[in-house]
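Dear colleague,

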Number of protein chains: 2
Amino acid sequence: MNSKNDRQTTQQERIDSLLSDQGINLTRQRRVIADTLFARNQHLTADQLFEMVKQAGARVSKATVYNTLGLFVKKGLVREIFIDANRTFYDSNTSHHHHFYNVDTGDLIDIKERLAPHFVNHELPAGTAMDVVDLVIRVRNSHP
Amino acid sequence: MNSKNDRQTTQQERIDSLLSDQGINLTRQRRVIADTLFARNQHLTADQLFEMVKQAGARVSKATVYNTLGLFVKKGLVREIFIDANRTFYDSNTSHHHHFYNVDTGDLIDIKERLAPHFVNHELPAGTAMDVVDLVIRVRNSHP
DNA sequence: AACCAATTTATAACTATTCTAAACACCTAC
DNA sequence: GTAGGTGTTTAGAATAGTTATAAATTGGTT
């Protein structure tokens, strides 16, 4: 009706085609998960995303959050960032970039500058192809 | 007695001073764990190390393996490599280097070439100091 | 020998993730 | 419309890795 609702619709359509372009069937759950995750560039754990989806009033199980994130990763729509044994983040920004991780605060921050391409193309092990370059620079607070 | 035992003793002394230089009290368990881990440059999970120590005939609990690895990490004697939510490796080589990880085979391989220092020193977040640079290039088999 | 702090131990607890099998939703054919 | 089939979701159980707990052990010091 008004311009706000028009934007809403457009955003929904944008997300729908994002999924269907990858051959992903549209379901209520996948839509609300995608809506939440792709609302902005962000780093979320599966549990954080699960809570956000609940806050938004949607009834989605945690198993579906995991299933859907796994599907989105496979389709290249999100990127997994493994920080440690009990911290996996899902990054809604799949463009080639890196991260700072503050071990004191738990903050994960984007690095815009890219790693020199010559380095990342340097002599892969025989019989392998590049999948993804994961660069995490761990920092700590200078004055703890 | 013979040259083999001389080397053995020397190796034990080398490891003892490695630990005591860091203010680590020497115990039977810490010695056998260090012996196993520092025998060569290698990437081991806590569980693999636990099994190796058992194979060596030593009675060490898994909790001690975790405690000791945590202590060694804190003292800078080993480096943790977080591959995914259920794969943490401990690298007996703490020199500045990076890794290839083959997602198909699970192999973790050293990269000798270093990341250009200018990049890793580039604009840390305010109030933070560098801890460690973790670069993992994930590859997959070209012909699966 | 007695004491004290540090360490180790078995086991329980915890967390993140994956698995399982049943229920559900949606599409197509009849 | 209803039956059947495929894909999806679900709750809950199961698993794996790791951390916490509290008692027992060790090693060094008076």
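Two strands are said to pair if DSSP finds at least two bridges between them; strands themselves (E, at least two residues) and helices (H or I, at least four residues) are DSSP runs, numbered from the N terminus. With that in hand, one can say that Glu80(A) stands opposite Tyr90(A) in strand 3 of chain A.

Please note that this is a predicted model, in which local features need pLDDT of at least 70 and side-chain atom pairs count only at pLDDT 80 or more, while totals for chains, interfaces and linings use all residues. Residues are numbered from 1 along each chain as its sequence is written, chains are lettered from A and ligands numbered from 1 in the order in which they are written, and side-chain values use heavy atoms, with hydrogens and water left out.

The sheets

In chain A, 3 strands form an open sheet in the order 1-3-2, with antiparallel pairing. Strand 1 and strand 2 (79–84) of chain A are at the edges with a single partner strand each, so one side of each has no neighbour in the sheet. Strand 2 of chain A is joined to strand 3 (residues 87–91) of chain A by 5 bridges, and the two run antiparallel.

Chain B likewise holds an open sheet of 3 strands, ordered 1-3-2 and paired antiparallel. Its edge strands are strand 1 (43–44) and strand 2 (79–84) of chain B, each of which pairs on one side only. Between strand 2 and strand 3 (residues 87–91) of chain B there are 5 bridges in the antiparallel sense, and these two strands form a hairpin with 2 residues between them. Within this pairing, Phe82(B) stands opposite Thr88(B), and Arg79(B) has Asp91(B) as its bridge partner. Strand 1 of chain B is joined to strand 3 of chain B by 2 bridges, again antiparallel; here His43(B) stands opposite Asp91(B). Strand 3 of chain B is mostly covered, with 4 of its 5 residues buried (buried means under 20% relative accessible area, exposed over 50%, and partly exposed in between, with a 1.4 Å probe and protein chains only).

The two copies

The same surface serves both copies, since 100% of the contact residues of chain B recur in chain A; contact means heavy atoms within 4.5 Å.

The DNA strands

A residue is near a strand if one of its heavy atoms lies within 4 Å of it. DNA strand C is surrounded by 16 residues, of which the closest are Tyr66(A), Thr88(A), Thr27(B), Gln29(B) and Thr64(B). Of the atoms of DNA strand C within 4 Å of the protein, 85% belong to sugar or phosphate and the rest to bases. Phosphate oxygens of DNA strand C are 2.6 Å from a side-chain N or O atom of Tyr66(A), 2.8 Å from a polar side-chain atom of Thr64(B) and 3.0 Å from a side-chain N or O atom of Asn25(B). These are polar contacts (pairs of N or O atoms within 3.5 Å; within protein, one must be able to donate a hydrogen and the other to accept it, and residues adjacent in sequence count only if both atoms are side-chain atoms). Helix 4 (62–74) of chain A, and helix 2 (28–37) and helix 4 (62–74) of chain B, each supply at least two residues of the surface near DNA strand C.

Around DNA strand D there are 16 residues, and Thr27(A), Gln29(A), Thr64(A), Tyr66(B) and Thr88(B) come nearest. Sugar or phosphate accounts for 80% of the atoms of DNA strand D within 4 Å of the protein, and bases for the rest. A phosphate oxygen of DNA strand D lies 3.0 Å from a backbone N or O atom of Ser61(A), and one lies 2.8 Å from a side-chain N or O atom of Thr88(B).

A residue in a loop

Gln42(A) is found in the loop between helix 2 (28–37) and strand 1 (43–44) of chain A. Gln42(A) counts as buried because its relative accessibility is 11%. Its side chain reaches the backbone oxygen of Leu37(A) at 3.0 Å.

With kind regards
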